[in-house]
Amino acid sequence: MKSNEEVVREAYRLSEGNVLDGDGFRALFAEDGAFNDVPNSLTFRGDQIPQALTGFASVFPDVHRELLEVHALGDVVAVKLRIQGTHLGVFPTPIGEIPPTGNRIDVPTADLWYLRDGKIERFDCYNAANVLLAQIGANPDFKSAIEAARTAATGA
């Protein structure tokens with residue numbers, strides 16, 4: 001049986017843009033396993049897990065995860081990494097799609113992997129979503145946020 005660190009390293013290998021094996025990635029999870037994209041409040045289970053990978057790779061087809069530190073602590077593997085790639089696909093948002101910019105992303109990330117009996121029970125990804133958005137040119141609209149807050153406060 002592979003060590004927990006080996007399972008996690010295999011998960012990263014299978015999620016690289018030049019490999020992209022969603023079914024293989026899913027097979028590393030326990031039947032009731034979950035992939036949590038924490039900053040975006042998204043949880044993927046079952047057949048949604050490979051869709052999360054292919055969805056991201058459709059926006060950043062050359063996605064690469066540079067592992068900076070890997071620490072196996074019993075049934076938990078903590079990883080400090082950078083998610084890198086080129087914005088070559090449309091980026092979906094709640095109000096429409098951001099067309100490809102060709103911009104490179106280099107997003108600081110921390111991942112926590114919880115394993116049970118050699119399978120991933122839970123994967124919590126803490127990516128700096130604000131950094132990714134800024135790098136593709138989608139900076140926050142503070143003016144609209146201020147106006148909306150003022151309107152809410154005054155009831156106007």
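Me: Which residues does Pro 100 touch, not counting residues up to four places away in sequence?
Reply: The model is a predicted one. Pro 100 sits in the loop between strand 6 (96-98) and strand 7 (104-116). With residues up to four places away in sequence left out, the residues that Pro 100 touches are His 87, Leu 88, Gly 89 and Val 90.

Me: How far apart in space are Pro 100 and Leu 28, C-alpha to C-alpha?
Reply: In sequence, Pro 100 and Leu 28 are 72 residues apart. Their separation in space, C-alpha to C-alpha, is 31 Å.

Me: What pattern of helices and strands does the chain follow along the sequence?
Reply: The chain has five helices and eight strands. Read along the sequence, their pattern is α-α-β-β-α-β-β-β-β-β-β-α-α.

Me: What share of the contacts with a separation of 6 or more comes from residues 24 or more positions apart?
Reply: The C-alpha trace spans about 60 × 35 × 30 Å along its principal axes, and buried residues make up 39% of the 156 residues in the chain. Among the contacts with a separation of 6 or more, the share from residues 24 or more positions apart is 55%.

Me: Which elements do the buried residues of helix 1 pack against?
Reply: The buried residues in helix 1 include Val 7, Val 8, Ala 11 and Leu 14. An α-helix has 3.6 residues a turn, so residues three or four places apart point the same way. The buried residues of helix 1 pack against helix 2, strand 3, strand 4, strand 7 and strand 8 (119-127).

Me: Which side chain of opposite charge is nearest to Glu 16, and how far away is that side chain?
Reply: Glu 16 lies in the loop between helix 1 (4-14) and helix 2 (22-27), and this residue is buried. A salt bridge requires a nitrogen to oxygen distance within 4 Å. Glu 16 has no salt bridge; the nearest side chain of opposite charge is Arg 65, at 4.3 Å.

Me: Which side chain is joined to that of Glu 16 by a polar contact of 2.5 Å?
Reply: Leaving out residues up to four places away in sequence, Glu 16 touches Val 63, His 64 and Arg 65. The side chain joined to Glu 16 by the polar contact of 2.5 Å is that of His 64.

Me: Which residues are linked with Asp 32 in a network of salt bridges?
Reply: Asp 32 forms a salt bridge with Arg 116, with the closest N and O atoms 3.1 Å apart. This pair links distant parts of the chain, since Asp 32 is in strand 1 (residues 29-37) and Arg 116 in strand 7, 84 residues apart. The residues linked with Asp 32 in the network are Arg 116 and Glu 121.

Me: Why does the salt bridge of Arg 104 and Asp 62 tie together separate parts of the sequence, and how many residues apart are those parts?
Reply: The side chains of Arg 104 and Asp 62 meet in a salt bridge at 3.1 Å, N to O. Arg 104 lies in strand 7 and Asp 62 in the loop between helix 3 (48-59) and strand 3 (64-73), so the parts tied together are apart in sequence by 42 residues.

Me: What is the N to O distance in the salt bridge of Asp 106 and Arg 82?
Reply: Asp 106 is in strand 7 and Arg 82 in strand 4 (residues 76-86), 24 residues apart. Asp 106 is partly exposed at 27% relative accessibility, and Arg 82 is partly exposed at 26%. The N to O distance in their salt bridge is 2.7 Å.

Me: What is the phi of Asp 117?
Reply: Asp 117 is in the loop between strand 7 and strand 8, and counts as exposed at 67% relative accessibility. Although Asp 117 is not a glycine, its phi is positive, at about 55 degrees.

How values were computed. Residues numbered from 1 in each chain as written. Predicted model: local features only at pLDDT ≥ 70, side-chain atom pairs only at ≥ 80, totals over all residues. Heavy atoms only, no water. Helix = DSSP H or I, 4+ residues; strand = E, 2+ residues; numbered from the N terminus. Buried < 20%, exposed > 50% of the residue type's maximum accessible area, 1.4 Å probe, protein only. Lys, Arg positive; Asp, Glu negative; His and termini not counted. Polar contact = N/O pair within 3.5 Å; in protein donor to acceptor, adjacent residues only side chain to side chain. Contact = heavy atoms within 4.5 Å.
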